[in-house]
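Work through the exercises below with the structure open beside you, and try each task before reading its solution.

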Amino acid sequence: MPQELLLQVSPEIAADGALLQQYLSKQIKVGVNDIQHVTILKRSIDARQKAIKINLKVVIYLQGELIQEPTISLPDYPNVTNKQEVIVVGAGPAGLFAALQLIELGLRPILVERGKDVRGRRRDLKAINRDHIVNEDSNYCFGEGGAGTYSDGKLYTRSKKRGDVTRILELLVAFGATPDILVDAHPHIGTNKLPQIIQDIREKIIECGGQVLFETRVTDIVIKNNEVQGVVTQKGDTISANKLILATGHSARDIFELLDRKKVFIEAKPFALGVRAEHPQSLIDSIQYSCDYRGDHLPPAPYSIVKQVGGRGMYSFCMCPGGVIAPCATSPGEVVTNGWSPSKRDQATANSGIVIELKLEDFKPFEKFGPLAGMEFQKNIEQKAWHLAGETQRVPAQRMVDFAQNKVSSSIPATSYVPGTTSVEMGQVFPGFLSQILREGFTEFGKSMKGYLTNEAILHAPESRTSSPVRIPRDGISLEHLQIKGLYPCGEGAGYAGGIISAAIDGEKCALKIAESLNL
Ligand code: FAD
């Protein structure tokens, strides 16, 4: 019988198959050559002690035992060319996984995406980084693969349903992601690997008879007697169908405005906002691994920190080890930061959003905007930051200790944020209460993570697109909009997901509910 074992080994042993085999042979008291094969089922890092250990769950196959590696393959997707059509707006993780699930259920998705395909999108990312030009339909948030394409591709989620998470991870592996994501406690894919996976998903959708329309922005939703009839695009075309999955993400302000204008019920939703902090990766490694140099076998260290400050949660968000800060504005006249990493996370810097929970009452100065008050609060900060940094894609920046001590930084070194920075006292970017909490919070962070509060760390502002500022409410069982039949608000933009995995899970859930409503 193959033997399953939980063990803790040094990073050197975990990284080298031959060393691991030798180690295991001693543990189970057999000769090295008696071990035919070792499969790693789970892997995580235990950095609580000075000597860092890797936790492994392995299966050991001795000579003569049958090796049973799980085979990961794509579902048997049928051809859906002449099947009932469902419109899916938005080709982010929610829209793409909704489309795949619809096909699996025998329905034909028409996937409508305002942005370009992954390759076309690259040119627009270059333009925002180098020339400060923001294309309102093609940027770090909009285009094939959605906001997740040019990201760190972290695949962990707080979702409690492990089965759903595993299904999405297995589909990603079947579409070309490394099988390591099924093993690692904190899996990630990396910005260099994600585009090919997304392109392969799109090709599968088309091969099965689904339709994918790029550079097609939805400008109206046709609704009669509170029932969806289709969508109108910026080209003036109408696409008809009475089932619509709306998966347009947290940055589709025009969709929120459209729904508000059409008196489709939406509501303001609290989100979180703050700055993006960048440290040298070696400094984060030394804090997290308690060492001067992390060596060749440990990955660049991540961190996760949360504190209660002034009655609110202040926490790290979307931390990117060995990553780069990206310009994530979706309109001219604003600046927004977020971060990405390549699969090896081999850049010299570590960045993370450091954000504070907002409350609905914070949006009071914008109450005349009704359900869009939070969105206007967010927009106001992004526009103020744009103005303060010189009205390009440069962002306001300040050294961390200077910020905590309310001092303008006399110099800002080059950071990974390609469009550049302008030294600004951050207190000018945010409402007073937010600046105050951030200042206190960084001091608190410095107490928990010795070395974190340093002038080597540079703050960039703002980190403002953490989750949707609007909820598009839906029925908890049918997942249909509370008022409009056939409308399925989906993913992060509707307020039902946060991150790649949970958005993909929500896409699948909406597709399943549509099939259920059609008795399929
Ligand atoms: P989105 O991905 O936002 O997709 C919405 C899509 O709808 C977009 O493609 C958009 O172009 C399209 N759209 C919008 N309006 C219209 C319209 N009117 N007509 C047609 N199409 C429209 N999450 C993680 O889990 N791990 C990470 O490491 C991570 N890193 C990130 C890094 C960056 C730089 C960014 C920006 C985000 C990151 N995120 C990460 C967040 C993650 O990308 C999102 O949570 C996720 O993509 C949400 O999925 P979604 O499908 O709901 O929406």
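Two exercises follow, each with a worked solution. The model is predicted, so to speak of a local feature requires pLDDT of at least 70 and side-chain atom pairs count only at pLDDT 80 or more, while totals for chains, interfaces and linings use all residues. Residues are numbered from 1 along each chain as its sequence is written.

**Exercise 1.** Determine in which order the five strands of the open sheet lie, and which strands form its edges.

Solution. Begin with the strands, which are DSSP runs of E with at least two residues, numbered from the N terminus, and count two of them as paired if DSSP finds at least two bridges between them. The order is then β6-β5-β4-β10-β22, with parallel pairing. The edges are β6 (211-213) and β22 (487-489), each of which pairs on one side only.

**Exercise 2.** Find out whether Lys263 and Glu391, which both have a positive phi, are buried, partly exposed or exposed.

Solution. First recall that most residues other than glycine have a negative phi. Lys263 has a phi of about 60° and is found in the loop between α7 (253-261) and β11 (267-268), whereas Glu391, with phi near 65°, is found in the loop between α9 (373-388) and β18 (395-399); the helices named here are DSSP runs of H or I with at least four residues. Next apply the cut-offs: a residue is buried if 20 or more other C-beta atoms, placed from the backbone, lie within 10 Å of its own, exposed if 12 or fewer, and partly exposed in between. Lys263 has 9 such neighbours and therefore counts as exposed, while Glu391 has 13 and therefore counts as partly exposed.
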